[in-house]
Amino acid sequence: ITNTFAAHAGVGAKLGVLKTPALNYAHDANYGAISFADPALWASTEIPKDTVPLTTLDSIDTRACKLLKIDVEGMEAAVLTGGQLLIERCRPFLYVENDRAEQAAELVDLMRSLRYKLYWHAPHLFNPKNFAGLQSNLFPNTVSVNVFAVPAELKNFTVDGLAPITEPIHPLIAAMK
């Protein structure tokens, strides 16, 4: 892959520094589910913390962007806010996790204000055709709730199989409240 790079940084609404917990990867845990948006995570002074640079999408030097995939455990609106210039300039498709009921309306409103048509995508976490060939479903009845967003100016672009968003909270998330 020649057009991809990894950066040890967080992405948010503004430039700065993000405090992160010192993680011990020798222990089994779902490290992808750690939310840096939750101030309660930083309430304890007993947890050693590291710092990571915090950047914005707008500060990234890129000529083109066709797709933005955002899954940042509750910081999705902050990432979009810090990327409004890039989004306006490049008009990428957006694929954004939206599984937090308390933030869903703000996130949907923000994407609509950026002039996007929004659709729900809620795939099951387990795929029986997975690359490892595993047949044991470790995630029964579990889905990932996301928004697929299409620039509104693409009038003839059709999205088959996804429901347009009429309510800001996906019915599966609303049922869990």
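Me: Where is Pro 123 found, and is Pro 123 buried or exposed, or partly exposed?

Reply: In this predicted model, Pro 123 is found in the loop between S6 and S7.

Me: Which residues does Pro 123 touch, not counting residues up to four places away in sequence, and how many Å apart in space are Pro 123 and Asn 146?

Reply: Leaving out those sequence neighbours, Pro 123 touches Tyr 95, Thr 142, Val 143, Ser 144 and Asn 146. Pro 123 and Asn 146 lie 23 residues apart in sequence, while their C-alpha to C-alpha separation in space is 8.5 Å.

Me: Is His 170 buried or exposed, and which backbone nitrogen does its side chain reach?

Reply: His 170 sits in the loop between S7 and helix H4 (171–176), and because its relative accessibility is 10%, under the 20% limit, His 170 counts as buried. Beyond its neighbours within four places in sequence, His 170 is in contact with Trp 120, Ala 122 and Val 145. Its side chain reaches, at 3.0 Å, the backbone nitrogen of Leu 172.

Me: Which element gives the largest share of the largest nonpolar core?

Reply: The largest nonpolar core has 26 residues, with Leu 80, Leu 94, Met 111 and Leu 118 having the most contacts inside it. The elements that give two or more residues to this core include helix H1 (76–81), strand S5 (93–97) and helix H3 (101–113). The largest share, 5 residues, comes from H3.

How values were computed. Residues are numbered from 1 along each chain as its sequence is written. This is a predicted model: local features need pLDDT of at least 70, side-chain atom pairs count only at pLDDT 80 or more; totals for chains, interfaces and linings use all residues. Side-chain values use heavy atoms; hydrogens and water are left out. A nonpolar core is a set of buried Ala, Val, Leu, Ile, Met, Phe, Trp, Tyr and Cys residues joined through side-chain atoms within 4.5 Å. Buried means under 20% relative accessible area, exposed over 50%, partly exposed in between (1.4 Å probe, protein chains only). Helices (H or I, at least four residues) and strands (E, at least two) are DSSP runs, numbered from the N terminus. Contact means heavy atoms within 4.5 Å. A polar contact is a pair of N or O atoms within 3.5 Å; within protein, one must be able to donate a hydrogen and the other to accept it, and residues adjacent in sequence count only if both atoms are side-chain atoms.
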